[in-house]
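I opened my notebook and looked up a few things in this structure. Here are the entries.

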Amino acid sequence: MKPAADGAFAVRVEPAGFRFEAGAGASLLMAAQAAGIRLPSSCRNGACRACMCRLVEGEIAYAVEWPGLSRDEKDEGWILPCVALARSALVIESPLAAPHVPEAPPPRPLTGARR
Ligand code: FES
């Protein structure tokens, strides 16, 4: 499938059905985050495998030469979204994906004083 006019590809995250656009130069993890979707992650450089999920449809490329997946895992459809770049419209399966919830501001100290 061809990219949108701005070069971005549509990505759908199952089973929740979240949708976002991933440009050619942004990892799936960062594109999802920019769209308000939180995917599991830790190292963000393809080493820890915390973000590992399944590619159900579409094609990706990697931003790093040696993403931390075995050949068998790649053949089974596992990908690392933190270093994966969309090369077509995608469907990925990431059961722990969730809406990004902004952090609450730090609590104010309880001093008992009124201002
Ligand atoms: S976040 Fe560590 S491999 Fe993706």
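This is a predicted model: local features need pLDDT of at least 70, side-chain atom pairs count only at pLDDT 80 or more; totals for chains, interfaces and linings use all residues.

Entry 1: I started with E73, which counts as buried at 16% relative accessibility. Buried means under 20% relative accessible area, exposed means over 50%, and partly exposed lies in between (1.4 Å probe, protein chains only). Residues are numbered from 1 along each chain as its sequence is written, and side-chain values use heavy atoms, with hydrogens and water left out.

Which side chain does E73 meet in a salt bridge? I found R49, at 2.6 Å from N to O. The pair links distant parts of the chain, 24 residues apart: E73 sits in helix α2 (residues 71-75), and R49 sits in the loop between β3 and β4. I wrote down the rule for a salt bridge: a side-chain nitrogen of Lys or Arg within 4 Å of a carboxyl oxygen of Asp or Glu. Helices (H or I, at least four residues) and strands (E, at least two) are DSSP runs, numbered from the N terminus.

R49 is partly exposed, at 33% relative accessibility.

**Entry 2: the other salt bridge.** How many salt bridges does the structure hold? I counted 2. R12 forms one with E14, and the closest N and O atoms are 2.5 Å apart. R12 is partly exposed, with a relative accessible area of 26%. E14 is also partly exposed, at 22%.

**Entry 3: backbone angles.** I checked the backbone next. Most residues other than glycine have a negative phi, and most peptide bonds are trans. The peptide bond from E14 to P15 is cis, with omega near 10 degrees. P15 lies in the loop between β1 and β2.

R49 came up again, with a positive phi of about 75 degrees although it is not a glycine. R44 has a positive phi too, near 65 degrees. I found R44 in the loop between β3 and β4. R44 is partly exposed, with a relative accessible area of 39%.

**Entry 4: A50.** I looked up A50 in the loop between β3 (37-38) and β4 (53-57). Its relative accessible area is 37%, so I logged A50 as partly exposed. What does A50 touch, leaving aside neighbours within four places in sequence? I listed P40, S41 and S42 as its contacts. Contact means heavy atoms within 4.5 Å. I also took the distance from A50 to P107: 30 Å in space, C-alpha to C-alpha, and 57 residues in sequence.

**Entry 5: cysteines.** How many disulfides are there? I found 0. The test is a pair of cysteine sulfur atoms within 2.5 Å. C51 is buried, with a relative accessible area of 5%. C82 is buried as well, at 8%.

**Entry 6: the core.** A nonpolar core is a set of buried Ala, Val, Leu, Ile, Met, Phe, Trp, Tyr and Cys residues joined through side-chain atoms within 4.5 Å. The largest one here has 24 residues, of which V11, F20, A22, L28, L39 and I92 touch the most other members. Several elements give two or more residues to this core, among them β1 (9-14), β2 (18-22) and α1 (28-34). α1 gives the most, with 4 residues.

I ended on V11. Not counting residues up to four places away in sequence, V11 touches F18, R19, F20, A22, L28, L90 and I92.
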